[in-house]
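Thanks for coming. I will go through one structure today, so please have a look at it before I start.

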Amino acid sequence: MQLQKLGLQEALHYNFTLAQGLGSTLGLSLLDASLDMLNEMRTFGAAGVTVAEDGPGKGRQRKEVL
């Protein structure tokens, strides 16, 4: 109902009834996957990305990419 008031749609919608509680279980797996992605992400320096030598990124990046 809150999403309807805000004019938004659900990220997961499977026509479950409120008593089943399955929607929250699916939402927790989505939350778990997103936290996993955030914790496992590497920085540009750790991934070995080099500083741009030409193009739109030239001069806008720091040399010490950590």
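Of the 66 residues in this chain, 0% count as buried, where buried means under 20% relative accessible area, exposed means over 50%, and partly exposed lies in between, with a 1.4 Å probe and protein chains only. This is a predicted model, in which local features need pLDDT of at least 70, side-chain atom pairs count only at pLDDT 80 or more, and totals for chains, interfaces and linings use all residues. Residues are numbered from 1 along each chain as its sequence is written, and side-chain values use heavy atoms, leaving out hydrogens and water.

The accessible surface of the chain is about 6500 Å², and 58% of that belongs to carbon and sulfur atoms; these areas come from the Shrake-Rupley method with a 1.4 Å probe, and for residues only the protein chains shown count as cover.

Next, the secondary structure. The chain has three helices and zero strands, in the order α-α-α along the sequence. Helices (H or I, at least four residues) and strands (E, at least two) are DSSP runs, numbered from the N terminus.

Now two residues. Leu-3 sits in helix α1, residues 2–6, and is partly exposed because its relative accessible area is 34%. Met-37 belongs to helix α2, residues 22–40, and counts as exposed because its relative accessible area is 51%.
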